[in-house]
Structures are given as structure tokens and as C-alpha cells.
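This report describes selected features of a structure, from domains to a sheet and a helix pair. The sequence and structure come first.

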Amino acid sequence: MIARLSPAERISVAALGALALAWIIGAGLSRELFFDPVLFGLGSGAIIAALAIGLVVAFRASGVINFGHGAIATYVTYVYVSLVGDGQYPVPPIPNPLAPIEGIVGIEIVDFPTFISLGDSMGKVPALVIALATAAVLGLIAHFAIFRPLRYAPVLAKVIASVGIMLFLQAAVVLRFGARAKATEPIFPDDPVDILGARVGQDRLWVLGTVIVITAALWVLFRFTRFGIATRAGAENERFTTLLGFNADFQAGVSWVMASVLAGLVGILVAPITGVTPNFFTVLLISSLGAALIGRMSSFVIAAAAGLMLGVVDQELFRLELEWGWIPDIGIRRALPFVVIALAMVARGESLPSRGALTVERLPEAYVPRITRGRMVGYGALLAVAFWLTVFAPFQYRAGMQNSMIGVILALSLVVVTGYVGQISLMQMALAGIGAFSVASFGTQAGMPLFISLPLAVAAGVGFGLIAAIPSLRTRGASLAIVTLASGLAMGEIFFSRPGWFGLDRGVKTTEPPVLFGIEFGPNSDFIFGDGKIPTGGYGLFLLVVGALCCISVMRLRRSRLGEQMLAVRANERAAAAAGVNVAAIKLSAFAISSVFAALGGALIAFNVGTYGTDTFGIFASLTVLAFAYLGGISTIGGAITAGTLFSEGIGIVVTNEWFIDVGPYTAYVAGFFLIGTAVYNNEGIDGFQRRQFHQLGRWLSRRRGRRVAETADV
Amino acid sequence: MSERLLTIENLDTGYDGVAVVRGLSLHVDAGEVVALLGPNGAGKTTTLMTISGMGQILNGSVTIMGRPVPRLRQAHRVARWGVIHVPENRGLLYQLTVRENLQLAKTSGKVDIDRAVDFFPALGPLMNRRGGLLSGGEQQMLVLGRAIVAEPKLMMVDEMSLGLAPVIYEELMPVVRRIADETGAGVLLVEQHVDLALEVSDRGYVLNHGDLVMQGAASDLLADRALLDASYLGVESLED
């Protein structure tokens, strides 16, 4: 057993053993300090472990790291809570098909149902059955509508689709139940019990026991039954498994149902203890991803054990931070999942087992921007319209333009790193946060002028981006997505949410308007054109210039030698290396360039909103940015511009609100839906779609012209 | 006459609507070994894939024990009828152990793993090793062993010699004959090593560029070596 371990693994095993020994001695010396936290930690660790084994099931079913796993747990839990509470079954928000007619006629024809009443408040058992049936249906939809069509798709498309599930289900929960926390009656007996003198809620131990039983059952199922072995086989190579007579598709579907029901069950069992909020389980999921990753997304036992450990260590550090004042308060505890993930990655240094695919679908096309006279006219016209909207249009359009231009810059940061080099980054908004908080620290607090503070902020972003990019040299695909997600989380926890580093004042930060050559041009500053309402056009004009410069530089990058090398790395790292491309250098430069845009975008957000907190730069913001960038078109500049118009409160949304319908509350929901659709059916995003339409139009026109020429020739 | 296991009549098959194989007719009976020969790109693998339900039948028919080949989504059914297909790249599951690979020989019922060890004693001590860690010859033994314990009625083996040393595939070839003789299974053998394949076969078909160019008893094909070489358009004349 020991002989099979690598040196790094042997060291970690030895370190773990020493730690355990020290811990046991500690527990003997001080029960409060070293035993009680373990007991409490096992309770929270059980939730992490339960989500982690669900992730492993889903990965084994279809090679997908399901970022939507927590959202499935949340949705099912809310269904259960609603059924137990007042017997109401939520109808997923579906657009009323009669809405356009109603809009024209001006009367509401039918009241589209939001809930179906199933009588009064329901017993726990029927509610559990209905809620878990809902989970099963969600699992089936996830498999047949989303991940089955994506079987042979690049990892990026799968990650995007699962992010889409997360956004979609969370938005559905908020739309139906609101963002407030919900509580429900206990399922397990909750009177506390004494264990070696420590008092702990009995319900936590029940949850722990349930998780252990489920883990053992899954282990037996996948290890020893023909169904389990065949499912593993199907995940490895679907074609070979089919040749042996197994229906790999059916088996993956069953696994998806299992994963989904497991998620729902965890949510329902845990909800009475912790209460539930729309993003409770998604936040926990990050720790679970770390645990599942330690188990290489394939071992239930290791994943569950790692989940429990994370819970215990978290509690222990919490306790020690309280007890030992000399521990620096730099957020080590909250950054723990990242540390664990990074260590797991470095120690293992190998990629996750991937689904053996017959063919891998191509990545979205990264068109070379060609500059023709026609296009120059087009760009000019676009700029003119943008200029008018930014400076002279009514204030809501001006605000929309400002948000969109920042969105374009943030999307460009993803075009470089994800679109051109194929590295999935889920930390872009954290880098933006570094930019934002730095520009406030250097500019507003330290009083540096803009032309020093802004470059310094960008440099800070690049520095952090490069540090966070180091794991990308050893990991790729879905593993890298998790590492960057964890990096983003760690940056948030260590830097943004505490007073120490960037001097947050009561959870918010303030940036004063930018000044250049003595001219103040913030969104609230006076400006000579426009109606004088806030926001004035000056800042928008600045954003327009910066945004256009960013677009041009990415355009030049794509046409440069570096850009070609980036695409070579994206297409095939080994082949690129064999052709003399320094893959590591290319990846790092991509992350650096991407960080420039991200940090710049963040600094521009800081000036735009003036006062901001941690949430603006949280992980959900990062996921949403990636979602919009992919929706627009991840690998083209046109895609970034499209993404900018779609951005929350961007110009596209403003126009829709003003001219058509108020989509405000549905933005995340609709975005999630279209994101899944884009990932599954059109990986080039809206920009690629338009491009194809244009091409078809062009071909149609030239055919007509050709025919006319032919007719003339006949005469 | 023994039972007809596989009948292909006037088959056109290929990819994306383009025929790779045209107008192929062949049959395999119980207990016989049939060689399907031809140079690279002749359409041999495509034919086998089509028999297993993973190809696109553009014209003609493929009948397996009286049943037409199902469509792609139902391709797993073919194996349940007793057709074992050992694909070109061996069809081994690298993440699974040897034992687990053998357990997947049948979709239901008991699997007699010892039978595989009877044929290939070398597999015995390797039971708990992962498939990916076996040598090429061991891998080929494993997939043939798996095919044996599956107790197939029809067995298709694609390019068994690919990537193996001559000493190894010269040992494996006679096992194929033994399977047909001992179990009464029909075997369809795709090979590039013409002599080797024909030595263990009863009959042979030669494909070239998607067309059936020659067929007959194995001994006749071997006897008229010049014509056989010509049917390959000289491509294989450097071999052997």
C-alpha cells in the first residue's frame, strides 16, 4: 500500500499522521480547545462531505464537474420547505406564452400560476418524496437535455453549462421564494447529547451517520456491482462499453438521478439545522469541490473523509483564532479550501481522469480580425452611435453605456485567457476587485494622481493574476476551473472582506472621482454636454476611449505572433511545445494580459459606483461575468462587445426595459437559460451566430448576383 | 449446413452519408473463421462498426441471427444478442482492473472468469492490475479472454496484430481458431497480416477502396498468392 504512493503522497501521509498525533495529545491536555471543535466540525464537515460525494457521482456519470450541484440542493430544499410549510408546489418560472398578446390587448388573459396548491401543509414524508422526485427529474433533464449532448464537447462547454444550471436554479429560487433565509421543522431529534463531556446537537450526529452510510453504500455500488463497474467503464469509454452490451447512456442517466437526489436529500436533512438561503449550498460547494478533488473526483471514501476533515479543521482554526490572539487575522480560515485545493493540485500534479471521447468537438472559432474599408466604416458607425449614447442620450442610456463599456473590458479579459488560450478562469472579478481596492488605496487614500494610481492598481492585479496562474502550469480543464474559483474565493476572503489589507470601512470602500490634468471627470462631475443629470457624459467618454483602446489592443494581440502561439497552445499543448512554443510562458502571459483588463475593469467599476463592498467582486460575480462573456462569444472581440451590451444594467438591458418589457428581476434566470443553450447548441455565442447569419446572407447575395450574371450571359 | 449467424447483403455504409464500403455481401456461419482482408482504408473497420450498430447503413441490409441491426441509440443490444466485437484499439477499459474488465463480459448472469485464465494462464496473476498498466500482449489477451468468457455466438476481432510483436500475435492467432472450434462460435477476423489470418481461417474476403475484390476459401486465396497481391494493388507487396 505504502509502496504505491508517490514521495509527495508519502510526505503528506506522514504529515497527516503527525498532525493527528499532536491533535490527540492536545485533546488530552485541553478538551475545549482540541476535542469540542472536532465534534462540531464533524457536523459541518458532514454537509461538505455529502455534497462532495454527490459531485463524485456526477463526475463519474459524465465527466462533468457540476457547479450546479449546490443549486440543485437549494432548489429541492426550497421545494420541500414550501411543501411542508403550506403545501405549495412551486412552478418553475416559465415565460407566459400569452404575454405578447396580453401586451397588445392590454389585459391579462390568464393568471400564470406560480405555485400549485397541494392542500394544506404536508407531512414530512410525502413532502420528502415529492421533493426528491423533483430532484430526480432535474437529474434527468441535466443528463438528457444538457450533458448527454455535451458528451464529446470540450471541458469549457461543460463547465459553462453547469455554471448555467447554477445561475438558472438559483435565480428560480429567488424568483419564487425571495432571497430571505428560510427555516423548517427538524427531521431528526435535536436534543443535545453528551459525548465525553461535550454537548452536541443530536441532529448533527444523525446527519453525520447518514452521510457515512451513503458513502459506504456508494463505495460498494461502484466497486463491486456490475452496474457500478459498467458505469465507471461508460465514463471512461462510452463506445467500448456499448460494444460490451451496456447502455452507457442509460447508466449515466441513472447516475445523474442519483447525484441529484443525493443533493436534494442533503439539502433537506440539513435545512432544519442551518436554515437555507438561495446561495447557501453553492457557497459550501467550494469546500466540497476541494474535498472531491482530493479524492480525484473518483473516490467516495477519500472525498467524504476530506470533506469531514475540512469541517473539522475549519472549526479548529476558528477556535484557535479566538483563543490565541497572536495568530494574525489574515483570513487563513476562510481561505482554507483554496489552500487545500492548491496543495492537492501541486501534490498530485496530474489531471483528472477524463472521459475517453471518440471525437472532441472543436472549440469556438477565434476569427482573425481583418481590417477592410467596409469594416472601418462599420466600426466608425458603431463608435458614433456609442458616442451619442454615452454623451447626449438620456441619463439611463448613459448609465447603461458606462456599465456596458466596463463589461466589454471584463469580457475581453476572458477572451484573452479563455478564448485564445483555452484556460478557464473563474476568478476574473476577484482580480477586478484587486484593481478596484488598489485604486482606492493608492488614489483616494494615499492621494496619488490617477496616472500613477491606475497603473499601480493594474500592476497589483497582474501580480495577483500571475500568482493565481501558477497552478495553470500543472492543471488544465475542469481542474483549473476549480483552482481559479478557489483563488478568487481566497482573494475575496483574505483581502476584500477584512479591514487589514485594503482598509475597508464598515464593509465598504469609497473611491473619489478620477482627476486628470486638473479636470475631474467622475460620473457625478460636471460635463459640458448633455442634460446635466447624473451620470454625466464625461466619465462615459473616458470609458469609451479606454474600451476602444482595449478592443484595438486585443485585436492587435490576435494578429500578433503571440496571439498565434496562444491559439496553438489552446489547440494542443503538446503539439505547440513540439513546435517550439514555450507553453508555460504563453499561459503566464495570457493570464498577465487578462489580469490587466480585469484589474482595469475593476478600477473603472470603482470610479463608476464610488462606494462598493465585497459582493461586487465575489465568486458569483466572476461566474456571471464568464457567463455573459461566453454568451456573447468567448473567443472574439465582437463577442466581448456583445457581452458588454448584455451585462447587468448594460445598454442592452436598458434598451429592452425602455422599449419592450422590464426584464430586471429575470436577468439571471434568462441568462442562465440561454447560457445552457449556448453551451449545448452554439458554442460560438451570439457573435458567432450573427457571423454565420452574415455569411449566409453574403453567400445568398453572391449567388443572386451570380445568377444575374449568368442570365445576362445567356442573353 | 451450420447456422447462418451474419448475413450482409449489398451493403453501402459510411459516414455522413458518404459511402466508404459499397455493395458488400458476405456471411459468417457458426463454427467458421472468416477473414476480412484489405489494405489501409479499405473499409474493414467501418464494416465491423456497422455490424455492431455504430455505423450508418446507407443501402442494403445487415442481419444478425435473423434480426436487423438496431439504430445507434440501441447499439448496446447487438452485444446482448451474443455478438462480441473486439475493436482495433482493443476496447480495453484502462481504469478498471483485469478482473473488473472480465466481469463486464456479460451484462447479466454469472461470469466464469476462470475460463479466460484457462485460455490465457498469463492473466492469472494480473487480476488486480489496472488494464492501462498491462503490456500490449497482455492487453490483447485480456480482451480475447473477455470475449471468450462472454460465450459469444459471433465474435469480431479487428486488427489483433496492431502494435504487437510478431512472436506475440503468432501465438494469439491460433487461439482464435480454437475459440471457433471449441465453442462453435463464428469468427470474423479483420487483419492486415494476410498469411497469418488465412492460415487460421476457413474463408476470406478481400476489400479494397470499399469494394469487394476477391473472395473464396482460405486455401484457394493462399494458393493464388499473385492474384491476392494484385488485389491489394501492390500496396502490400513489400510485406513479408
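## Domains and basis

Chain A is divided into domain 1 (32-327), domain 2 (373-683) and domain 3 (691-715), with bounds from an automatic or database domain assignment. Between the C-alpha centres of domain 2 of chain A and domain 3 of chain A the separation is 41 Å.

This is a predicted model, in which local features need pLDDT of at least 70 and side-chain atom pairs count only at pLDDT 80 or more, while totals for chains, interfaces and linings use all residues. Residues are numbered from 1 along each chain as its sequence is written, and chains are lettered from A and ligands numbered from 1 in the order in which they are written.

## Sheet of chain B

In chain B, 4 strands make an open antiparallel sheet ordered β2-β1-β4-β5 (pairing requires at least two DSSP bridges between two strands; helices, H or I, of at least four residues and strands, E, of at least two are DSSP runs numbered from the N terminus). The edges are β2 (18-29) and β5 (67-68) of chain B; each has a single partner strand, so one side of each lacks a neighbour in the sheet.

Strand β1 (residues 4-15) of chain B pairs with β2(B) in the antiparallel sense over 8 bridges. B:Arg4 has B:Asp29 as its bridge partner in β2(B).

## Helix pair of chain A

Helices α17 (residues 428-445) and α18 (residues 450-469) of chain A pack at about 145°, their axes 8 Å apart (axes are lines fitted to C-alpha atoms, for helices over the stretch in contact, and angles run from 0 to 180 degrees between N-to-C directions).
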